[in-house]
Every structure is written in structure tokens, then in C-alpha cells.
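Hello,

Here is the structure we spoke about. Please open it and keep it beside this message as you read.

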Amino acid sequence: MKTVLITGANRSIGLETAKQLSEKGLFVYVGSRNLAKGEKTVKELTAQGFQNIKAIEIDVTNPESIAKAKSIVENEQGKLDILINNAGILGVNPQTASETSVTDIREVFDTNFFGVINVTQTFLDLLRKSDSPRISNITSGLGSLTLHSDSEWKYYHVKTAAYGPSKSALNAYTITLAYELRELPFKVNVIDPGYTATDFNGYSGPGSVESAASFIVKHTLTDENGPTGQYFSNDIEDETGISPW
């Protein structure tokens, strides 16, 4: 049985992704910054018939918390097959380039960028023990510099001084990581689940969590011939789903 860790999985897209992977027969660690909330979520999922799901406390901004989570996974599973770096924050609004404070920008980067690096580097040795390790970094269309430079893009006027740049940085890191691991069986990609209606954005997005999670699962559970170092977006309207960087 393959094992997956999803950060920020006690609600919204992360939660739905956990459900779908559980249904596919994976053992799912539901990462939650607050263990009580995570355990409450798992209790509800178990009551609904989902199996092989366990809550695990992990605060991506806290190295101690990450190390403790890694120790639990190592002791219980011996390896990790899939890491889905889903935890993220939007930050304060509005986010103008001229007035958003460095403190506010740094807070977003600590979770969305540095947090991903902390988690990934900590769990890499467990992922190396898998026959087909996968790392999916959950990004956003707002991280695409190409689209942000296109005045015809439907979200062209949605500019954020913290959130978007944190995802652009995440995209760049993912390219570098994928390149470094290219000779190993790793597949490392960034996945944009699309503009989805969640509490993250006040339910303003047109997409459903089911569609978003399904897209993440599709581009995570790839075979040995699957792509690596790629940027997939659920908002790209063609069969490849490949987004410009």
C-alpha cells in the first residue's frame, strides 16, 4: 500500500484530495497544523466509510513540528511514496506592491515557499526509499509570470504582492528540484487546482473541490513515463492542462 502525506489536509481541497486518494487504496496522512482539528476530520471521514486515514500534526513553518511528523511516518511506514505540499495562506488583502509590508509578504512566503522547502527537504530521505516517489507542489495560476504579462488573460487584473509571488517562487524551486532528481524515479511537478470555491477565497471561485482534487490526483498518480518539472493548471482549457510559466 502506497503512503501519501498531504499538508493542510483537514479542509477544502486538501481534504477532498485525501478522500479521493483513500478511495484509491492509499494510506493517507492528513496533515494538520492543529492535531485536534485533524483528528476530528479523520473521525468524520472514518464514520463516512473512508479507510486507512490518519491525522498527523505538521506546521510547515515549524521545523520541530516537521521533524516530529517525519519521525512518525518513518516509524509507522518506513518510507513515503507521495508528498503533496498543499498547505498555503493567502495573506492580508489588499496586496498592493507599493504598500504591502515586508512583514506581511514574509509571512506568506514562510508558509507557501519556505514551508514547502522545509517539508520537502525533511522528507526526501523517506521518499528516496519509495520505488516511485512523487512530489506535488500545489500552486496557483497567479504564479504564472507569462499569464500575468498577458492583458487578455481573464485574471490579468488580479495582482497580489505576496501570494502570487510566493507561488512564482515555488514554481521556480520545483523546476530546480525536478532537475536535481531527474536521474531518479522521482516525478516532481507543480499543480494548480484552478480557481476553486473554498473558504480560502470566500467561495468566490467557479470550480468545485471535487474537480480540483481530481486534477491533483490525476497529475500525482503518474507512471514511470509521466512528466517531471511541469506546471499543470485546471484552468487551462486544453487536454494537456499545461500552463505557461
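**The sheet and its helices**

Ile6 has Val30, in E2, as its bridge partner. This is a predicted model: local features need pLDDT of at least 70, side-chain atom pairs count only at pLDDT 80 or more, and totals for chains, interfaces and linings use all residues. Residues are numbered from 1 along each chain as its sequence is written, and side-chain values use heavy atoms, with hydrogens and water left out.

First, some terms. Helices (H or I, at least four residues) and strands (E, at least two) are DSSP runs, numbered from the N terminus. Two strands pair if DSSP finds at least two bridges between them. Strands of a sheet pair through backbone hydrogen bonds, either parallel or antiparallel.

E1 and E2 pair in the parallel sense, over four bridges. E1 (residues 3-6) also pairs with E4 (residues 82-85), again parallel, over three bridges. There, Leu5 has Leu83 of E4 as its bridge partner.

Now the whole sheet. It is open and has seven strands, in the order E3-E2-E1-E4-E5-E6-E7, with parallel pairing. E3 (53-57) and E7 (231-233) are the edge strands, and each pairs on one side only. From one strand to the next, the twist averages 20 degrees. Angles run from 0 to 180 degrees between N-to-C directions; axes are lines fitted to C-alpha atoms, for helices over the stretch in contact.

Two helices lie across these strands. Helix H1 (residues 12-23) lies across E1, E2, E3 and E4, at about 170 degrees to E1. Helix H3 (residues 63-77) lies across E1, E2 and E3, at about 150 degrees to E3. Contact here means heavy atoms within 4.5 Å.

**What is buried**

Buried means under 20% relative accessible area, exposed over 50%, and partly exposed in between (1.4 Å probe, protein chains only). Why is E2 largely enclosed by the rest of the structure? Six of its six residues are buried. Phe27, Tyr29 and Gly31 point one way from E2, while Val28, Val30 and Ser32 point the other way.

- Thr41 is in helix H2 (residues 35-47). It has 8% relative accessibility, so it counts as buried. Beyond residues up to four places away in sequence, Thr41 touches Asn10 and Leu15.
- Lys167 is in helix H6 (residues 163-180). It counts as buried because its relative accessibility is 4%. Leaving aside neighbours within four places in sequence, its contacts are Asn112, Ile138, Thr139, Ser140 and Gly143.
- Ala212 is in helix H7 (residues 209-220). At 0% relative accessibility, Ala212 counts as buried. Not counting residues up to four places away, it touches Ile13, Pro193, Thr196 and Asn234. Ala212 and Ser233 are 21 residues apart along the chain, and their C-alpha atoms are separated by 9.6 Å.

**The cavity**

A cavity is a set of points on a 1 Å grid over the protein atoms alone, where a 1.4 Å probe fits but cannot get out; lining residues have an atom within 4 Å of a point. How many cavities of 30 Å³ or more does a search of the whole structure find? It finds one. The largest cavity holds about 30 Å³ of space. Grid points are joined across faces, edges and corners, and a volume is the space filled by probe spheres set on the points.

Its lining includes Thr7, Val60 and Asn85. Helix H4 (residues 102-127) gives the most to this lining, with four residues.

Best wishes

Terms used. 1 Å grid on protein atoms, 1.4 Å probe; cavity = no way out; pocket = protein on both sides within 12 Å on 5 of 7 lines; lining within 4 Å.
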